[in-house]
Amino acid sequence: GDAIPTITKEGVDCFLVDKDDYKAAADAVIKLYENPDLAEKQRVSAELHSRQFDINRVAKEHMEMFESL
């Protein structure tokens with residue numbers, strides 16, 4: 001399965017469209033182009049959300065877990 005829908009927040013930090021739906025993709029791009037405030041909100045949200053997947057943080061958490069076993 002595709003992990004993207006489980007790690008993103010539709011409408012909050014992205015717009016999800018079917019990979020073959022070029023019309024929906026174009027509509028999403030136009031919506032962001034016509035709404036720069038929305039584009040900025042999604043950019044900030046995506047950046048903050050992505051921090052939970054930082055390799056250094058994830059590696060540290062895994063090392064701590066393995067060391068506790």
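Contact is defined here as heavy atoms within 4.5 Å. The structure is a predicted model, in which local features need pLDDT of at least 70 and side-chain atom pairs count only at pLDDT 80 or more, whereas totals for chains, interfaces and linings use all residues. Residues are numbered from 1 along each chain as its sequence is written, and side-chain values use heavy atoms, with hydrogens and water left out.

Helices are DSSP runs (H or I, at least four residues), numbered from the N terminus. By the contact criterion, Lys 31, Leu 32, Tyr 33 and Glu 34 of helix H2 meet Pro 36, Leu 38, Ala 39 and Gln 42 of helix H3. The residues of this contact comprise five nonpolar, one polar and two charged; Ala, Val, Leu, Ile, Met, Phe, Trp, Tyr, Cys and Pro count as nonpolar, Asp, Glu, Lys and Arg as charged, and the others, Gly among them, as polar. Two packed helices are described by the angle between their axes and the distance between the axes. The axes of H2 (residues 22-34) and H3 come within 5 Å and cross at roughly 105 degrees. H2 is therefore roughly perpendicular to H3. Axes are lines fitted to C-alpha atoms, for helices over the stretch in contact, with angles running from 0 to 180 degrees between N-to-C directions; the roughly perpendicular class covers 65 to 115 degrees.

Apart from neighbours within four places in sequence, Gln 42 is in contact with Gly 11, Val 12, Asp 13, Cys 14, Phe 15 and Leu 32.

The structure holds six salt bridges (a side-chain nitrogen of Lys or Arg within 4 Å of a carboxyl oxygen of Asp or Glu). Asp 27 is partly exposed at 38% relative accessible area, whereas Lys 23 is exposed at 51%.

In H3, Glu 47 and Arg 43 form a salt bridge through their side chains (2.9 Å, N to O). Because Glu 47 and Arg 43 are four residues apart in this helix, about one helical turn separates them. Glu 47 counts as partly exposed at 37% relative accessibility, as does Arg 43 with a relative accessible area of 43%. The side chain of Glu 47 also meets that of Arg 51 in a salt bridge (3.3 Å, N to O). Glu 40, Arg 43, Glu 47 and Arg 51 are linked in a network of salt bridges.

Asp 54 lies in the loop between H3 and helix H4 (55-68) and is partly exposed, with a relative accessible area of 35%. The side chain of Asp 54 reaches the backbone nitrogen of Asn 56 at 3.2 Å. The C-alpha atoms of Asp 54 and Glu 10 are separated by 21 Å, the two residues being 44 residues apart along the chain.

Conventions
Helix = DSSP H or I, 4+ residues; strand = E, 2+ residues; numbered from the N terminus. Parallel < 35°, antiparallel > 145°, perpendicular 65-115°, else oblique. Buried < 20%, exposed > 50% of the residue type's maximum accessible area, 1.4 Å probe, protein only. Polar contact = N/O pair within 3.5 Å; in protein donor to acceptor, adjacent residues only side chain to side chain.
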